[in-house]
Amino acid sequence: MMEYKQEQPNTIKLELTEGCNRFCTFCGIRGIRTKANQDLKFLTIDIIKGLVFQVKNIGWNSKFEIAMRGEPSLNPNMIEIIKIIRKYLPKQSIMFTSNGANFKTRESIQELLDAGVNCLALDDYGQLSFIKSIWPEIRIYPEDKTANPYAKWKYKDRYVIVMPDITTTKGGVHSASIISNHCGTAAPRNNKMRGKRCARPFREIVVLHDGTITICCNDFRGELIVGNIFEGINKVWQSEIFMIVRKLLFHGQRTVGPCRGCDSVSYRVGLLPDKQGALYLAPAKEEDLKILDIQLAKGPLTKPVLRSWEL
């Protein structure tokens with residue numbers, strides 16, 4: 001069924017920590033935890049080495065976006081992990097998204113940038129004046145439209161960017177207008193995006209703290225596990241499961257597993273599955289759906305905490 005080879009992902013989304021020191025109302029963390037700082041799980045040195053060696057050998061130049069289902073700065077090996085990525089992938093773009101939990105001094109920020117992070121993106125939860133006091137060089141997005149933290153930064157860049165509270169911001173790519181329901185873990189599933197393509201499985205690959213690869217960053221519970229980095233990250237990227245989901249989403253069919261009722265918004269969806277939008281994917285067949293059903297029947301990776309609308 002492999003009609004084509006999927007181009008390398010634009011982004012590798014990497015989870016340093018599962019679990020967070022905050023418990024925000026808009027976050028899917030509430031679908032897998034009952035309180036802040038609960039049952040923290042961390043990416044290990046072995047996992048990050050296994051990942052970067054593969055990326056180097058494959059030749060991907062994908063951007064690293066460090067975020068996912070928790071606060072990455074809680075990982076005690078955070079600096080060493082960044083240094084490993086930078087050592088073996090010297091020209092890769094690295095973005096680190098944080099709520100500022102462990103960046104209370106200028107020195108703590110400088111250490112992260114010196115380790116190799118190109119863009120430290122801080123969510124503003126009322127600490128903007130404090131951040132300005134320790135790092136006057138900050139850039140504020142979307143006020144500064146050239147400071148889009150999700151850009152692919154040059155390997156020599158070193159920036160600290162503050163993104164205002166996502167629940168109140170109206171402009172840019174980090175705003176209330178595009179907060180998703182995180183596949184039903186942050187808000188009820190809905191049909192707002194029914195019939196609309198989703199670009200995530202075409203453009204990003206998600207690596208969780210234990211090396212598990214899930215279908216996308218919004219699948220907080222790991223409803224649809226695609227594989228593990230130790231199976232070979234490129235093998236997983238080109239796998240049957242990924243290809244079937246791409247077929248469905250190419251045709252706007254958000255009907256299976258975590259995609260069902262997901263309202264995540266994608267951009268430039270006409271340029272799928274390739275960068276030119278020149279290829280066509282045939283619709284998924286009945287046998288494809290049966291393969292997905294078997295995978296989904298294995299259950300979620302992370303134990304669900306049912307939300308009020310799920311009870």
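Predicted model: local features only at pLDDT ≥ 70, side-chain atom pairs only at ≥ 80, totals over all residues.
Colleague: Why are β7 and β11 called edge strands?

Modeller: Take the order of the open sheet: β7-β8-β6-β5-β4-β1-β9-β10-β11. β7 (139–140) and β11 (225–228) each have a single partner strand, so one side of each is left without a neighbour in the sheet.

Colleague: What makes β1 and β9 a pair?

Modeller: Two strands pair if there are at least two bridges between them. Strand β1 (residues 11–15) and strand β9 (residues 204–207) have 4 bridges, in the parallel sense. Leu14 stands opposite Val207 in β9.

Colleague: Why is the contact of Glu223 with Arg189 called a salt bridge?

Modeller: The cut-off is 4 Å between a side-chain nitrogen of Lys or Arg and a carboxyl oxygen of Asp or Glu. Here the N to O distance is 2.9 Å, and the pair counts as a salt bridge. Glu223 is in the loop between β10 and β11, and Arg189 in the loop between β8 and α5.

Colleague: Which of the two counts as buried, and how do you know?

Modeller: Buried means under 20% relative accessible area. Glu223 has 18%, so Glu223 is buried. Arg189 has 25%, so Arg189 counts as partly exposed.

Colleague: What makes Asp288 and Lys247 a salt bridge?

Modeller: The limit is within 4 Å. Their closest N and O atoms are 3.6 Å apart, inside that limit. Asp288 lies in helix α8 and Lys247 in helix α7, so the pair ties together parts 41 residues apart in sequence. Asp288 is buried at 5% relative accessibility. Lys247 is buried too, at 4%.

Methods. Residues numbered from 1 in each chain as written. Heavy atoms only, no water. Helix = DSSP H or I, 4+ residues; strand = E, 2+ residues; numbered from the N terminus. Buried < 20%, exposed > 50% of the residue type's maximum accessible area, 1.4 Å probe, protein only.
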